[in-house]
Amino acid sequence: MTVTTEVEMIRIPGGPFLMGSESYYPEEAPVFRATVAAFELDKHPVTNRQFSEFTDATGYVTVAERPLDAAEFPQLSVAERAAGSLAFHPTDGPVDLRNWRAWWAWQPGANWRHPFGPDSDISDRGKHPVVQVCFADAAAYARWAGKRLPTEVEWERAARGGVDGRDFAWGDELSPNGQLLANTWQGSFPYRNTGASGWVGTSPVGSFPANEFGLVDMIGNVWEWTSTAFTTDHQAQRAATANLLGASTQPSAGAGCGDGCMCGPSDSGKSGLSLGSAPNPAVSRVTKGGSHLCAPEYCQRYRPAARSPQTEDSATTHLGFRCARDA
């Protein structure tokens, strides 16, 4: 393995913290005391430039770049089996916010190199987070880099910056003194976005202030994969924490907004490298942090406690990842 793009990693101290929230969405409850061991986390999400280095070195082909297997999907036409993924597109005006299909559409030819389809590219977006990567793609990159994906508990510990009980990563106000502290939707979702500090869509990593640990883009910009299987609430997390870490699990006093896509079967890639396993569309992993599509009227998931399920084969224009490793 040769990684030429150095990625700064931040050491996150171990210890107990209050995880979850009982003020927003039911899947975030109950609040409980979790404990983590010290670990290291990438300062920012993996960028297009970094992911390009990985694919150049290994020949890895992402799931969204591979057509569906004709033997597995014989009922589909060649066109229907074509490689592609889900892409966001703004609507012409107000729509029923219960119908996510109004702003998400299957886009043939959409992948990490062409997030919105063949007519889009990332030639001037080397410092933007890579998107259109499913769980297997993210895990393959992490293994190549000698790292792993963070657990949900680790991710939330890092996002909180060492301070418990706050609604947002920076305090209890979304925009203290009118200051915009993360790349989230500005305007009326899903048809008018005036841009977060000028950015409509993803922004270069580090465009917004770091948290107390020195991590950037833990909130907004792109959702981030974790290695944790999704549960409908934190009861399973509490049990796992108690069994594995011996922590106190006494509790204190909707649906995910990033619906993903069926990208098709995966193997180790055309390179033949044993970098990843096949994504399981029946398994959902926890994604964290919210994205540039989060808007108050639709998705208030720009908070450390927020969590959303994504099936392992999901890849979209607002979903990325960062890596962790043991301290």
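## Sheet

Two strands pair if DSSP finds at least two bridges between them. Helices (H or I, at least four residues) and strands (E, at least two) are DSSP runs, numbered from the N terminus. This is a predicted model: local features need pLDDT of at least 70, side-chain atom pairs count only at pLDDT 80 or more, and totals for chains, interfaces and linings use all residues. Residues are numbered from 1 along each chain as its sequence is written, and side-chain values use heavy atoms, with hydrogens and water left out.

Which order do the strands of the open sheet take? The order is E11-E10-E9-E12, 4 strands with mixed pairing. Strand E11 (308-311) and strand E12 (319-320) are the edge strands, and each pairs on one side only. E9 and strand E10 (residues 284-288) run antiparallel, joined by 3 bridges. Opposite Glu224 stands Lys288 in E10. In general, strands of a sheet pair through backbone hydrogen bonds, either parallel or antiparallel.

## Nonpolar cores

A nonpolar core is a set of buried Ala, Val, Leu, Ile, Met, Phe, Trp, Tyr and Cys residues joined through side-chain atoms within 4.5 Å. Buried means under 20% relative accessible area, exposed over 50%, and partly exposed in between (1.4 Å probe, protein chains only). The largest nonpolar core here has 49 residues. Phe51, Tyr141 and Phe321 have the most contacts inside it. Seven elements need naming next.

Strand E1 (9-12), strand E4 (39-42), helix H1 (48-58), strand E5 (84-88), helix H2 (135-144), helix H3 (152-160) and strand E9 (223-229) give two or more residues to this core. H2 gives the most, with 7 residues. Now take Phe51, with contact meaning heavy atoms within 4.5 Å. Leaving aside its neighbours within four places in sequence, Phe51 is in contact with Val46, Thr62, Trp112, Val130, Val133, Asp137, Tyr141 and Phe321. A second, separate core has 6 residues, including Met19, Phe32, Ala34 and Val153.

## Helix H3

Is H3 mostly covered or exposed? H3 is mostly covered: 9 of its 9 residues are buried. After H3 comes Gly161, with a positive phi near 65 degrees.

## Cysteines

A disulfide is a covalent bond between the sulfur atoms of two cysteines. The cut-off used here is a pair of cysteine sulfur atoms within 2.5 Å. How many disulfides does a search of the whole structure find? The search finds 0. Cys134 is buried, with a relative accessible area of 0%. Cys323 also counts as buried, because its relative accessibility is 0%.

## Backbone exceptions

Most residues other than glycine have a negative phi, and most peptide bonds are trans. The peptide bond from Ala29 to Pro30 is cis, with omega near -5 degrees. Pro30 lies in the loop between strand E2 (15-19) and strand E3 (32-36). The bond from Phe189 to Pro190 is also cis, with omega near 0 degrees. Pro190 sits in the loop between strand E7 (187-188) and strand E8 (192-193).

Ser197 has a positive phi, near 50 degrees. Asn221 has a positive phi too, near 70 degrees. Ser197 lies in the loop between E8 and E9, and Asn221 has its place in the loop between E8 and E9 as well. Asn221 counts as buried, because its relative accessibility is 0%.
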